[in-house]
Amino acid sequence: MAQLQRIFDNLTSNVKKYADPAHGVTLTVMQQDGTLTLTQSNTCRPDAAQQEGYHIGLLSIRRIAQQYGGTAETALEDGIFTITVTFSEF
């Protein structure tokens with residue numbers, strides 16, 4: 001369970017660093033056929049590209065998801081960052 005908490009901690013940290021506070025953050029949790037899917041979307045701050053980051057949090061999320069037979073996919077489109085974490089062995 002501590003590893004799942006780590007995922008939420010990393011997601012929260014990324015929102016604090018990069019999300020535009022003028023826009024909401026969407027978190028969707030779905031469970032279907034033994035698969036748990038978390039999807040988080042947020043608008044990036046205008047200065048987010050200038051933030052120095054090493055993506056360690058995202059790498060950690062991917063590693064933990066893989067331990068549960070899952071994946072972590074990210075996308076950045078039109079200033080909206082989305083991460084989808086899927087656990088197939090949950």
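Contact here means heavy atoms within 4.5 Å. The model in these views is predicted.

**View 1. Serine 60 in helix α2.** Helix α2 covers residues 56-67 and holds serine 60. Setting aside neighbours within four places in sequence, serine 60 is in contact with Arg6 and Asn10. Its relative accessible area is 8%. The cut-off for buried is under 20%, so serine 60 counts as buried.

**View 2. Aspartate 20, a buried residue without a salt bridge.** Aspartate 20 sits in the loop between α1 (2-18) and β1. Arginine 45 has the nearest side chain of opposite charge, 7.1 Å away. The side chain of aspartate 20 does reach the backbone nitrogen of alanine 22, at 2.9 Å. Neighbours within four places in sequence aside, aspartate 20 is in contact with Thr43, Cys44, Arg45 and Pro46.

**View 3. The salt bridge between arginine 45 and aspartate 47.** The structure holds one salt bridge. Arginine 45 forms a salt bridge with aspartate 47. Their closest N and O atoms are 2.9 Å apart. Aspartate 47 has a relative accessible area of 32%. That value lies between the 20% and 50% cut-offs, so aspartate 47 is partly exposed.

**View 4. A nonpolar patch on the surface.** Phe8, Leu27 and Val29 make up this patch. Together they have about 260 Å² of accessible area. One of the three, valine 29, lies in strand β1, residues 25-32.

Note on methods. Residues are numbered from 1 along each chain as its sequence is written. This is a predicted model: local features need pLDDT of at least 70, side-chain atom pairs count only at pLDDT 80 or more; totals for chains, interfaces and linings use all residues. Side-chain values use heavy atoms; hydrogens and water are left out. Patches are made of residues with over 30% relative accessible area and no salt bridge: like charges are joined within 9 Å, nonpolar side chains (Val, Leu, Ile, Met, Phe, Trp, Tyr) within 5 Å. Accessible areas come from the Shrake-Rupley method with a 1.4 Å probe; for residues, only the protein chains shown count as cover. A salt bridge is a side-chain nitrogen of Lys or Arg within 4 Å of a carboxyl oxygen of Asp or Glu. Helices (H or I, at least four residues) and strands (E, at least two) are DSSP runs, numbered from the N terminus. Buried means under 20% relative accessible area, exposed over 50%, partly exposed in between (1.4 Å probe, protein chains only). Lys and Arg count as positive and Asp and Glu as negative; His and the chain ends are not counted. A polar contact is a pair of N or O atoms within 3.5 Å; within protein, one must be able to donate a hydrogen and the other to accept it, and residues adjacent in sequence count only if both atoms are side-chain atoms.
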